[in-house]
Amino acid sequence: MERSDLALVLAIRDQGSLAGAAATLDVVPSVVTKRLGALEARLGQRLFERTTRRLSATAEGEAVCLHARTLLDGFAALESELGERQNELTGTVRLAATFGFGRLWLGPALAAFQARHPALRIELSLTEQLPDLGAEGYDGAVWLWAVQQRHAADWVSRRIARNQRVLAASPGYLKRRGTPATVEALASHDCLVARENGEAGQRQHAVWTLRHTRDGSTARVRVQGPLASNSGEMVRDWCLAGHGIMLRSLWDIAPQLASGELVRLLPQYAMAEADIHWIAPWRPKTPRRVRLLVDHLVEQFRGEPWKPGRNGSR
């Protein structure tokens, strides 16, 4: 049997008709009928029972289909491995990322990598909910937290860059309400709460846990205000308009901090566990194109280009 014979048998079984298989293989139905007849003659076995109303695989046909899938997957894996032994990266990398970081920072980094490897295809899906990476065919995701315990056995994680969530407000708000001198003082200010990642939206308050950047001590404060949203971008816009204080990732507001549109408050404090990670389904061997892409992202973001004073801040 040839590789094309295996693809033919699977197409017929999967589509449930000779006409459907012909459409999948981009040939006319008569070609499928002729090729199937010739294959059955060579094997001396009938692979499909055909009537005017239905088509179904025989026991021998099911056995061929079972082995055909394994063999075709093996062909594809071998071709991929041989291709990756060449200097030029080929194939497709499918990634997921959140809208904000994906658009501002990841997108340009991926475009730069693809420009260095023009035979490589990169597909980026922006989403606010982490997909089931393995089931949905993703090579990995760039996300703002590491592998959680319930996924530890199935996923792998690598930190791409450090990141902080920092307190910020507009000069207009601070002129009107004053600048908080302590974490506890935040409780008496209008705080803008971003309720993301499925957080309950009915509470009128939120608890911000902040860590001292030098001694590592933590402080917790219950904050509230007249405005809350499930959109971090909306909260940022409210903050820029002078409606309150927000807690936001440094990578997201670096341009506004640099321009003076926003002022960082209590700079000795930041929210922990906001680092940026590569998350991927576990696999025995990671394709070379994926390994090199992750290495590229680590190198791109190693210096945290969103930090004040860095040339990469935008």
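Two strands are taken to pair if DSSP finds at least two bridges between them. Helices (H or I, at least four residues) and strands (E, at least two) are DSSP runs, numbered from the N terminus. The model is predicted: local features need pLDDT of at least 70, side-chain atom pairs count only at pLDDT 80 or more, and totals for chains, interfaces and linings use all residues. Residues are numbered from 1 along each chain as its sequence is written, and side-chain values use heavy atoms, with hydrogens and water left out.

Seven bridges join strand S3 (residues 91–97) to strand S4 (residues 120–126) in the parallel sense. Ala-97 has Leu-126 of S4 as its bridge partner.

Helix H2 (residues 18–25) crosses helix H3 (residues 29–43) at roughly 105°, and their axes come within 8 Å. Axes are lines fitted to C-alpha atoms, for helices over the stretch in contact; angles run from 0 to 180 degrees between N-to-C directions. H2 is therefore roughly perpendicular to H3 (65 to 115 degrees). Leu-18, Ala-19, Ala-21 and Ala-22 of H2 meet Pro-29, Val-32, Thr-33 and Leu-36 of H3 (contact means heavy atoms within 4.5 Å).

An open sheet of five strands has the order S11-S8-S12-S7-S13, with mixed pairing. Strand S11 (228–229) and strand S13 (263–265) are at the edges; each has a single partner strand, so one side of each lacks a neighbour in the sheet. Strand S7 (residues 165–169) runs antiparallel to S13, joined by three bridges. Val-263 in S13 stands opposite Ala-169. Helix H8 (residues 250–259) lies across S7, S12 and S13, at about 120° to S12.

Note on methods:
Angles under 35 degrees count as roughly parallel, over 145 as roughly antiparallel, 65 to 115 as roughly perpendicular and the rest as oblique.
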